[in-house]
Amino acid sequence: MLILSGIVVVMAGFAARINPLLVIVVAALLTGLAAGLNIVEVVAALGKAFNDSRYISVVWLILPAIGLLERAGLQQRARTLIAGLRSATTGRLLMLYFALRQITAALGLTSLGGHAQMVRPLIAPMAEAAAESRFGLLPDIWRQRVRAQAAAVDNIALFFGEDLFIAIGSILLIVGFLAGNGVTVAPLALALWAIPTALAAALIHGIRLHRFDRRLRRALSVPDLASGTAR
């Protein structure tokens, strides 16, 4: 049971709002020591895990380029572009990104999107601009809700889109698990069965974005005193 003490450290550290990196390292060290490893073996295990999963850190190589683009006015350019499109709404824009994200994920191009690469520097500012072009300056609470919708679109589209690619880790994990239990399933068959789920996710989230547009319009439309209608 002492091995589970690392979980307690993580919960306590996050509750106390201590630096997450420090909390995770302390929890890992405590778990390793409780399992009977010495400090050198624990550090070696951490190093091996990082080396085996080093592709996860590739995103950090992109951040300096994103920062330079933002400093050069990337977000302002994106806002200006969307502000000039009268038919663009927050929901329509996010649904377009949802479709693109899901299609590219189905082709195995999962790195083309993401919060750091696309949502923060481009998609969220464009979604905000689409709302501001119709309703003026957004209150902070609605600005945060628009950003949350942008992040959710990326997560959901990737989650349900990547399973359409036969060489993605989740498909291979399912195939391996079933094979270990005597069930032989081709990766292509799993990918084909994921199509209805992906279509359902797109339909359901499209309805959610349409409803979000309506909520945004009801909350931020300004009544026209002359006509008694909202504009």
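Tutor: Let's start with Arg147, which is partly exposed at 36% relative accessibility (buried means under 20% relative accessible area, exposed over 50%, and partly exposed in between, with a 1.4 Å probe and protein chains only). Arg147 pairs with Glu128 in a salt bridge, with 2.7 Å between the closest N and O atoms (the rule asks for a side-chain nitrogen of Lys or Arg within 4 Å of a carboxyl oxygen of Asp or Glu). Arg147 sits in helix 8 and Glu128 in helix 7, 19 residues apart, so this pair links distant parts of the chain (helices are DSSP runs of H or I with at least four residues, strands are E runs of at least two, and both are numbered from the N terminus). Through shared partners, salt bridges join Glu128, Glu132, Arg143 and Arg147 into one network.

Before going on: this is a predicted model, where local features need pLDDT of at least 70 and side-chain atom pairs count only at pLDDT 80 or more, while totals for chains, interfaces and linings use all residues. Residues are numbered from 1 along each chain as its sequence is written, and side-chain values use heavy atoms, leaving out hydrogens and water.

Glu128 is buried, with a relative accessible area of 2%, and Arg143 counts as buried too, at 13%. Those two form a salt bridge with their closest N and O atoms 2.6 Å apart. Since Glu128 lies in helix 7 and Arg143 in helix 8, the pair ties together parts that are 15 residues apart in sequence.

Arg101 is buried at 3% relative accessible area, and Asp154 is buried at 2%. By the rule, the total comes to four salt bridges.

Now for the nonpolar side. The largest nonpolar core has 26 residues, and those with the most contacts inside it include Ala150 and Leu220 (such a core is a set of buried Ala, Val, Leu, Ile, Met, Phe, Trp, Tyr and Cys residues joined through side-chain atoms within 4.5 Å). Helices 6, 7, 8 and 10 each supply at least two residues of this core, and helix 7 gives the largest share, nine residues. Leaving aside residues up to four places away in sequence, Leu220 touches Phe135, Leu138, Pro139 and Trp142 (contact means heavy atoms within 4.5 Å).
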